[in-house]
Amino acid sequence: MSNQYKLVTCTINGKERSAMVDVRASLTDMLRNDYGLTSVKKGCEVGECGACAVIIDGECFNSCIYLAIWADGKNITTLEGLTHPDGTLSDIQQAFVDESAIQCGFCSPGFMIEAESFLQKGKIYTDDELRKLLSGHLCRCTGYENILRAVKKVMHKRAAESV
Amino acid sequence: MIIGKSYTRVDAYDKATGRTKYTEDLCDKHALVAKIKHSNVAHAIVKSVDISEAEKIPGVVKVLTCFDAPEYLFPTAGHPWSTEESHQDICDRNVLTKHVRYYGDDVAAVVAEDEVAAKRAIEAIKVEYEVLPFVLDVQEAMKDGAPQIHEKYKNNVLAHTQIHKGNYEEAIKEPGLIKIDKWYNTQTVQHCHIENFICYAWEEGGRIHVTSSTQIPHVTRRCVAQALGVDWGRVRVVKPYIGGGFGNKQDALYEPLCAWLTTQVGGRLVKLDCQREETFANNRVRHAIRYHFISWVKPDGTLVARKVECFSNQGAYASHGHAICAKGLGSFPQLYPCENFEGDGWTVFTNRQVGGAMRGYGMPQATFAIEAHTEDICTELGLDPIAYRRKTVMPVGYVDAFSKNELYSDTFNQCLDAGMKYIDFERKREAYKNQTGDIRRGIGVSLLWYNTAVWPIALETSSCRMVMNQDGSIQLQVGETEIGQGADTAFSQMAAETLGIPFEKVHIVSCQDTDVTPFGTGAYASRQTYAAGMGIRGCAEAFKAHILDVAYRYTRMQSYLMDIVDGNIIRKTDGRVLMTLGELALTVLYDREHNEHLTMEKTAQLKTNAYSFGCCFAEVEVDIPMCQVKLLNIINVHDAGTLINPALAEAQVHGGMSMGIGYGLSEKMLYDAKTGKLLNGNLLDYKLSTMMDHPHLEAQFVENPEPTSAYGTKGLGEPPVNPVASAIRNAILNATGVAFDELPMRPHLLYEKFSQAGFFQD
Ligand code: FES
Ligand code: FES
């Protein structure tokens, strides 16, 4: 059993953190159980629903199919990392609130994290492109309508601010 | 006015930060883990269970089998209790079963220190079965000689009801009538809330405590008590925020088992967390219902007589049972009144998964059938589908004899007008005539009928409690539950409106706890705003009257001269602010003469119900060689009475439309005919719509305030899903001339039907 646990050191939401983790554990398990990051949700645990999405070194991953030990040395952002230290919401979170894009809220962190990861690139996407970029996330409540509206709003706002 | 404004959801901020606590977030991480041994046969008697290997696995705390389970039978449906035995839900389950009735039935359970040990132990359990023949098809199950699934139910018929009006046999003798005789089939689908079912249980203070992702905490408490044979008060159920329910969680799912397991390990904390595959294979599903319609019409379409048979596939256990089939059957002669109507509904046990409540409660099935059939009548007789519906549908002033529901306004025409305008119906219908070629477009319509609440079939009640704080704000508690739909926000608006305080001054207690929440039957039907509205208004009016009586002591004004407006006690005669509600609350709470804790609690019993109507228009493009349907445009128009919060109402409609699109085009649970096993029980193989599968979803409203409702509102949660599949079906018919009488209209079915239509002959 001695090599069942390994020390994993990574940056989570801007802070360097270390924990001994079970080598079989997923990154979802580590983020939820060791760091209490409840935005990382479990909807399937096999990479089908997108509820567990986090940003790893700038790219969005389903953390349920990413081993915790692979996170060693990585830079990880969860939804908690988007909220400003004083509790104010980031633009993407605020847009989800304002556009009624959140219902039960279980899929919402995954969508917001995904949107953040591609909106960071500063591109303007067509509706079809956005639909494709977000299609790895399942939502049963919203019909995706207001989610798309929220993401588009932030995309255009950021574009306007950057010129 | 606070009603009618699109306030931000009260839970939006927390959900946007990820800090909202759902069931798993609340469970101590040292909880023991429970796993279930599911049968790998569809119908069998368990002869023996060998747990010796399982018990040896390190970390295993307890292995229990169907032979250890309590003998108490219990029901699972999220219905109110009935004090009349004949109206009670059917008790046909044990927490673990010796008689396997579907592939995946629960025969044993393991409690272990961690998930890995629990899973290994489940695999190590050996079950010996006496395998029995099984039946999956609803009509096969009714035949003599079919496998008997529950002892008491001959030919597996759980229930059979009839509606007879006029004289069908005589009426059809009228010369010149045209007979239209067709079958319509709907499939089994699953709710697919993104949070799987999860609960945890422990013992404390001599009681069993269960925290569960449920829509119905008070009902679940009773079901758990029935399953364990304990007094109802010995069980406490807590419901935190839940990640969607859609009716699956309107059933006692595994709370009874989990509660029993904790009692078997000395009351230690036990968590039972369904995996997605279990949510698919072992929770509830939407009933597959088969319909047979025979309509006798005059050449102008006048409906002279109609006969309908409904065969509802209940699966292995009764759960919500016949209520679902019966709701659809009952709607037919109401939506399109017919003098001579004969209807039969059968709900039949099969060796399939258990049908339960699901958004729409039998109406997506029934709406598909009736609106496909209505279109078929129009096609056969060459009638305009809009004009025909306007002429034949329930007229203004119609009153249903049983529910006393009344159609008060010209809703159907108003909804149709709005939908036609948005989608440009007339022009497109004309443009899509006489198409040839591989790619064809079509446009279709469907109406929808719905009943908001459950009166008079069952008890309708709502209780409400308001407690005032020192600053004049209140805590609001109701028995109706927030399940993602936004109920808490609507309730807060209602309370603020009637009490006369700002919206921000209402603190709703979202987490339900049967120890402290006033009694309520939970989230089901489309009753939340209608039912809770009555409870909230009754409570708020009584509270206001009481507060003004108390205010008299400090203002010397008669209570009838005062009012509460925007959180202030004002004198109505001149509008002067006499004191703030905060000043009053603080003063009275610390008054050394007349101290009082300001609170009010009321129960509203509803003896009314309300119709909720609307329609859907869909426009499609069909690629015949590729057997694909692309949805180009879709609109739902609803009359849900007064909208409490238009933005949230619109969001509800989007979600329902999305579920309807999946129902129409892609979702279907597939069962292996040889074993009865579910073949596509995961989110990859089960085709839930993604964002790429939808066009823009347009939601519009016609607001005719409901006269029987406390705030003019009526059902909206479920109706949006109901008319979508039929509207798409009718659009495909318009595009191709091919009538689909089965769901979903996925490429496999399109290929079959287009082949039959001769599209592929060259
Ligand atoms: S939980 Fe990771 S993709 Fe579903
Ligand atoms: S908001 Fe409930 S699943 Fe998306």
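A crossing of two helices is left-handed if the near helix is turned anticlockwise from the far one by less than a right angle, and right-handed if clockwise. By that rule α2(A) passes α5(A) in a right-handed crossing. The contact (C-beta atoms, placed from the backbone, within 7 Å) is made by A:D91, A:I92, A:A95 and A:F96 of α2(A) and A:A150, A:K153, A:V154 and A:K157 of α5(A). These residues divide into 5 nonpolar, no polar and 3 charged. Here Ala, Val, Leu, Ile, Met, Phe, Trp, Tyr, Cys and Pro count as nonpolar, Asp, Glu, Lys and Arg as charged, and the others, Gly among them, as polar.

This is a predicted model; local features need pLDDT of at least 70, side-chain atom pairs count only at pLDDT 80 or more, and totals for chains, interfaces and linings use all residues. Residues are numbered from 1 along each chain as its sequence is written, while chains are lettered from A and ligands numbered from 1 in the order in which they are written. Helices (H or I, at least four residues) and strands (E, at least two) are DSSP runs, numbered from the N terminus.

Two packed helices are described by the angle between their axes and the distance between the axes. Axes are lines fitted to C-alpha atoms, for helices over the stretch in contact, and angles run from 0 to 180 degrees between N-to-C directions. Helix α2 (residues 91-98) and helix α5 (residues 145-162) of chain A have axes that come within 8 Å and cross at roughly 135°. The two are therefore oblique to each other. Angles under 35 degrees count as roughly parallel, over 145 as roughly antiparallel, 65 to 115 as roughly perpendicular and the rest as oblique.

Helix α3 (residues 108-119) of chain A also packs on α5(A): the axes come within 11 Å and cross at roughly 30°. α3(A) and α5(A) are therefore roughly parallel. This crossing is right-handed. A:F111, A:A115 and A:L119 of α3(A) meet A:I147, A:V151, A:V154, A:M155 and A:R158 of α5(A). That contact divides into 7 nonpolar, no polar and 1 charged.

Now to chain B. Its secondary structure comes to 20 helices and 27 strands. The C-alpha trace spans about 95 × 75 × 50 Å along its principal axes. Buried residues make up 59% of the 762 residues. A residue is buried if 20 or more other C-beta atoms lie within 10 Å of its own, exposed if 12 or fewer, and partly exposed in between.

How many residues does each chain give to the contact between A and B? Chain B gives 43 residues and chain A gives 38 residues. On the chain B side, α1 (12-17) and α18 (646-665) each supply at least two residues. α18(B) gives the most, with 7 residues.

Strand β1 (residues 32-38) of chain B holds B:K35. This lysine is buried, with 23 other C-beta atoms within 10 Å. Its C-alpha atom is separated by 7.0 Å from that of B:I122, 87 residues apart along the chain.

Some backbone features close the tour. The peptide bond from B:W455 to B:P456 is cis, with omega near 0°. B:L743 and B:P744 are also joined by a cis peptide bond, with omega about -5°. B:F246 has a positive phi of about 55° although it is not a glycine, and B:F246 is buried, with 30 other C-beta atoms within 10 Å.

Technical notes
Contact = placed C-beta atoms within 7 Å.
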